[in-house]
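Take a look at the model below. This report goes through the chains and then the place where they meet.

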Amino acid sequence: MSSRIASVAFNTFREAVRDRVLYNLIAFALLLSGAAILVGQVSIDIERLVVVNLGLTAVSLFGVVIAIFIGIGLVSKEIEKRTLYTVLSRPVRRWEFVVGKFFGLTGTLVVNTFFMAIGVFLALLYVAHKFEKMDAWVLVALYFIVLQFLMVCALALFFSSFSTPLMSAVFTFALFVIGSLSEDLRGFARIAQGLGGWIATSIAYLVPNFSALNVINQVAHGDAVPGRLILYNSIYALLYSAMAISGAVLIFQRRNLK
Amino acid sequence: MAAIEILGLEKNYLVGFWRKRTKQALRPLHLTIEEGEVFGFLGPNGAGKTTTLKLLMGLVLPTAGTARILGMEVDDPRVKAQIGFLPEQPYFYDYLTAQELLEYYGQLSGVPAKERAARVEKMLARVGLQDAARVQLRKFSKGMLQRVGLAQAILHDPKLVFLDEPMSGLDPMGRREVRDLIQQLRQEGKTVFFSTHILSDAEALCDRVAVINHGELRGVGAVAELTSRMHGKVEVIFYGQSVPAALASLGAEARVSGDMVNAVLPEEQQEAALEVLRREHLKLISLTPVRSSLEDFYIQKLQPAESKGASA
Ligand SMILES: Nc1ncnc2c1ncn2[C@@H]1O[C@H](COP(=O)(O)OP(=O)(O)O)[C@@H](O)[C@H]1O
Ligand SMILES: [Mg+2]
């Protein structure tokens, strides 16, 4: 990674920290400890199921919201505020800037997820009093969640390179929701007939497959995640993000700064 | 080698809701600036100065034409390492302190890590911000931001400095300091290209100026050369109905307006002209040296554009 990309990424991370983005961790901690105490009191058997399910879903949703809201402004806000003038008049290529911004935000999310993961494991320890072997699969689920963040950031960046921040947020969020249902969509496409089936099939394969990256329920039940899925998901998420970033760069290269 | 060569640079913006209409922000511009020159780019608001600078910085893409800086294409990173740019009404990351901002820009410009801290400190002192180094930029006044802007433009010791309206928004003291800074840059052998709509700044600092209006170049030349045509003349105003023949023979350009005569003639003929008035019993109203400023040139250059009409 060039030192300029690293500089841009670090500055993006610093901005997020100073804008108090990591304060979301407080809300997350409150939510999780409240839930842990509550289920710890009522049930006997399903505490682990509830804590893992709720904890990982919260990690995913908090992160996706941050990814979208910062992602849509990563480049467009710098154009709007004209902070880009004194960056791009230096030996920084436009693609280096975009990639640096992307790494800055995903880095922020990795740090954020790291702290949340500690919270999830603490809650797990609190309700189960010990760690088991199957808890390791929670780490895989967290890894998949981070892969989702990469894709969401990349999509937010892509949409914001040609549309307004509000529309970009709407597009990205819609894709996240549809993509999370893409498994169901594929199931429907298999049984549907005619035009409806054809449309469902095309949508199912065009939208990002977020559902393959969601193994929360599986690991909550203590089921293993196949190694092949880990490999496929990694390749898929990286390729998808790279394509969205390339699209954003291609558009940004041709843009006039206001 | 020329520092800046502008070869038919042109910019049309698409405007209106459907982006169907074009706005000619810059007509094809040809201009060459030599190394070591302090060059003033003059024009009223909306003339196309900022557009030209943004084209040179590669921030907007030209509709047609090219430009070369130090013999290289403007988007060549090697060029970018050699230039500094102060945008109009600059704005910076407001969550950083002045020191952090310059540190960051130093990294981006490839200032070696070992030298960076010292360089940042020196630049902050040079623009008088040493006491505000650790203050977040969100607490800075407009004038202070302008100073940060100047510091970041010269931080990496560039060969060429581009300044867009460097004196605007500054108090008289600040303007004076910017003038001094530009003088220092000249002495260091840098090329300075700055835009302004304030004539006195250009007159005080520039080797050469270009006048631009409605996106069109209206004149280029050395300040002294542009104003010399007006030098050494006096204007004599007196009561009278006609121009005395004796006065005309002194080389006066005179016109009658109402019961007054207004005559402009060479300075050497001043005494002779007064002698004529005395002889003819004409009452003198005033005698003033003609103001030989860039302003006359400027005003004169702007006028034809107005009568030709604005751009489409
Ligand atoms: N992004 C833009 N879209 C449309 N018109 C623009 C844009 N930027 C500048 N213009 C127009 O181009 C002309 C020149 O503007 P500018 O270069 O900013 O002038 P100056 O810096 O000399 O005041 C103005 O009429 C301005 O309205
Ligand atoms: Mg301007």
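A compact globule of 312 residues would have a radius of gyration near 20 Å, but chain B has 24 Å. Keep in mind that this is a predicted model. The C-alpha atoms of chain B fill a box of roughly 80 × 50 × 40 Å along the principal axes.

Chain A gives another result. With 258 residues, a compact globule would have a radius of gyration near 18 Å, and the 20 Å of chain A agrees with that. Its C-alpha atoms fill a box of roughly 60 × 55 × 30 Å along the principal axes.

**Secondary structure**

Chain A has 12 helices and 0 strands. Chain B has 11 helices and 14 strands.

**The chains in numbers**

| Property | Chain A | Chain B |
|---|---|---|
| Buried residues | 51% of 258 residues | 47% of 312 residues |
| Accessible surface | about 12,200 Å² | about 14,500 Å² |
| Carbon and sulfur part of that surface | 72% | 51% |
| Positive and negative side chains | 20 positive, 12 negative | 38 positive, 38 negative |
| Distance between the centres of the two charge sets | 15 Å | 6 Å |

Now consider contacts between residues at least 6 apart in sequence. In chain A, 82% of them join residues at least 24 apart. In chain B, the share is 67%.

**Where the chains meet**

How many residues of chain B are in contact with chain A? There are 29, and they meet 27 residues of chain A. The size of an interface is often given as the accessible area lost when the parts come together. Here the buried area is about 2,700 Å², and carbon and sulfur atoms give 52% of it. Three residues stand out on the chain B side. L59(B), Y95(B) and L108(B) supply 26% of the area that chain B buries against chain A, more than any other three residues.

**One residue up close**

N11(A) sits in helix α1, which covers residues 3-18 of chain A. Is N11(A) buried or exposed? Its relative accessible area is 2%. Buried means under 20%, so N11(A) counts as buried. Leaving out residues up to four places away in sequence, N11(A) touches Y93(B), Y95(B), L96(B) and Y104(B). One of these, Y95(B), is also among the three residues named above for buried area.

Methods: Residues numbered from 1 in each chain as written. Chains lettered and ligands numbered in written order. Predicted model: local features only at pLDDT ≥ 70, side-chain atom pairs only at ≥ 80, totals over all residues. Heavy atoms only, no water. Helix = DSSP H or I, 4+ residues; strand = E, 2+ residues; numbered from the N terminus. Rg over C-alpha atoms; globule rule 2.2 N^0.38 Å. Buried < 20%, exposed > 50% of the residue type's maximum accessible area, 1.4 Å probe, protein only. Contact = heavy atoms within 4.5 Å. Areas by Shrake-Rupley, 256 points an atom, 1.4 Å probe, with all protein chains shown as cover. Lys, Arg positive; Asp, Glu negative; His and termini not counted. Charge placed at Lys NZ, Arg CZ, Asp CG, Glu CD. Buried area = accessible area lost by both parts, 1.4 Å probe.
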